[in-house]
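Hello,

Here is the structure you asked to have handed over. My notes on it follow below.

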Amino acid sequence: MYRNQKPLGTFVEFQHRMATVCCLCYTEPQNLTDNLTSVSEFLLLGLSDDPELQPLLFGLLLTMYLVTVLGNLLIILAVSSDSHLHTPMYFFLSNLSLADIGFSTTTVPKMLVNIQTHSKYITYAGCLTQMSFYFLFGCLDNLLLAVMAYDRFVAICHPLNYPIIMNPRLCGLLVLLSFFSSLLESQIHCLMVSQLTFCTDVEIHHFFCDAPQLLHLACSYTSINTILIYFIGAIFGGIPLSGILCSYSRIASSILRVPTTGGKYKAFSTCGSHLSVVCLFYGTGLGVYLGSSISPSPGKDAVASVVYTVVIPMLNPFIYSLRNRDIKRALWGIISITA
């Protein structure tokens, strides 16, 4: 049945096929007239145009990406291999590590290829696909952090009912709900951008395709799209953040009622790693988008996005492993077996 099927001819054709599968809203660019053109590719300007900095950037980004993938894979392996870590908290942590790998993989490999090949172009289909996965894994990170905050709230404020409330069925349902909510957000952004028309200027002052950057290139009316982006951000970003703040306010009040200093420290230590990750994630995320809206600066936005998309996923395994005895014990067990 596959005898008459034509082989995949070009990399561009492959990206168009991938966009059809991964970005459900993908449509071909519209045929435009006059001063508009049918856009088939964009130009990612990246972090720097200085040729002397390209080898340094390549080595630095490659090292950070490999550390990110290896560190998060070790977390997943440690949780899956140690029966003592088969608890809701570590189940959510392993899913967060998987989302971090996807988040970095969405942007960094393409940037490395562009630096190595001295080509900054990305196809229209590839751009929509990259943007779709970026919002998918970014939103999934966001929602999983909110779920983990709720897990810590139940563990500290309702310790006796914790095994009943955080049962395996609820944990799986929360992860699935987070994934499909993230998929919905990514497809909304993809559908919105696919309806735009673009001028001949296709230079994106960034190292990946982001919806606000594409809106700046559009020749069509984008005020409604801009409002929609902030509205979606308020829903998919504001609601989880509100849940995290609410959970930690209840956690703080419960910890303050603990009579002994040792008891307070023990209770806080169970959520210290998660709180550190939340501060890093939301601090840099809000800095990226609020900074770009108040005082737009392509260079500063790109550097802040590197922290948001590369540095934080790399730091998460270190934050959780260095502050967690169970994870360290499981990792040492893996190392001793391999050695």
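Buried here means under 20% relative accessible area, exposed means over 50%, and partly exposed covers what lies in between. Asn 95 has a relative accessibility of 18%, so this residue counts as buried. Please keep in mind that the model is predicted.

Asn 95 sits in helix α3, which spans residues 88-117. Leaving aside residues up to four places away in sequence, Asn 95 touches Leu 144 and Val 175.

Gly 172 is part of helix α6 (residues 168-194). Its relative accessibility is 23%, so Gly 172 counts as partly exposed. Gly 172 and Phe 92 are separated by 80 residues in sequence, while their C-alpha atoms are 9.2 Å apart in space. Cys 171, with 5% relative accessibility, counts as buried.

On to the cysteines. The structure has one disulfide, formed by Cys 127 and Cys 209 with their sulfur atoms 2.0 Å apart. Cys 127 belongs to helix α4 (residues 124-157) and Cys 209 to the loop between β3 (203-204) and α7 (211-217), so the pair ties together parts that are 82 residues apart in sequence. The link is left-handed, with -125 degrees about the S-S bond. Both Cys 127 and Cys 209 are buried.

Regards

Technical notes: Residues are numbered from 1 along each chain as its sequence is written. This is a predicted model: local features need pLDDT of at least 70, side-chain atom pairs count only at pLDDT 80 or more; totals for chains, interfaces and linings use all residues. Side-chain values use heavy atoms; hydrogens and water are left out. Helices (H or I, at least four residues) and strands (E, at least two) are DSSP runs, numbered from the N terminus. Buried means under 20% relative accessible area, exposed over 50%, partly exposed in between (1.4 Å probe, protein chains only). Contact means heavy atoms within 4.5 Å. A disulfide is a pair of cysteine sulfur atoms within 2.5 Å.
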